[in-house]
Amino acid sequence: MATLPAVLMALDKLNSSKYKALRQVVFARDGHVCAYCGIDEGEMHIDHILPRKVGGTHSMDNLQVLCKPCNLRKSAKSEGAFLAQKPY
């Protein structure tokens, strides 16, 4: 997998083409499959596993693919808090 130096920068400081490239790398890595429910169709989002508001970064190991319903339910919760509120 190609590395993106831009991954280390804040996404809000990236230009849109670099942000789109980062999104595509995450989608390719995760296979366009929701990390929680396993669905592979419909609108997909890139989610911060540890939310930015609690110190999460834009690093590849903190990004995952979620379907829209899972991402909206997860909101700004940590992964642990979200998984504790089953069903997801």
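Helix α1 buries Leu22, Val25, Val26 and Phe27; buried means under 20% relative accessible area, exposed over 50% and partly exposed in between, with a 1.4 Å probe and protein chains only. The cover over these buried residues includes β1 and β2. This is a predicted model, in which local features need pLDDT of at least 70, side-chain atom pairs count only at pLDDT 80 or more, and totals for chains, interfaces and linings use all residues. Residues are numbered from 1 along each chain as its sequence is written, and side-chain values use heavy atoms, with hydrogens and water left out.

**Confidence**
- The protein chain has a mean pLDDT of 80, and 80% of its residues reach 70 or more; pLDDT is the predictor's confidence in each residue, from 0 to 100.
- Residues 1–11 have pLDDT below 50. Beyond near neighbours in sequence, this stretch has 18 contacts in the model (contact: heavy atoms within 4.5 Å).
- Helices (H or I, at least four residues) and strands (E, at least two) are DSSP runs, numbered from the N terminus.

**Core**
- The largest nonpolar core has 15 residues. Such a core is a set of buried Ala, Val, Leu, Ile, Met, Phe, Trp, Tyr and Cys residues joined through side-chain atoms within 4.5 Å.
- Val26, Cys34, Tyr36, Ile46, Val65 and Cys70 touch the most other members.
- α1 (16–30), β1 (44–48) and β2 (63–67) each supply at least two residues of this core.

- α1 has 15 residues and reaches 21 Å from its first C-alpha to its last, close to the 21 Å expected at 1.5 Å a residue. The expected span is 1.5 Å times one less than the number of residues.
- Gly31 follows α1 and has a positive phi, near 70 degrees.
- His32 lies in the loop between α1 and β1. Its phi is also positive, near 55 degrees, in a residue other than glycine.
- Most residues other than glycine have a negative phi.
- His32 counts as partly exposed because its relative accessibility is 39%.

**Gln64 in strand β2**
- Gln64 lies in β2. It counts as buried because its relative accessibility is 6%.
- The Gln64 side chain makes a polar contact with the Tyr36 side chain at 3.1 Å. A polar contact is a pair of N or O atoms within 3.5 Å; within protein, one must be able to donate a hydrogen and the other to accept it, and residues adjacent in sequence count only if both atoms are side-chain atoms.
- Not counting residues up to four places away in sequence, Gln64 touches residues including Val26, Ile46, Lys74 and Glu79.
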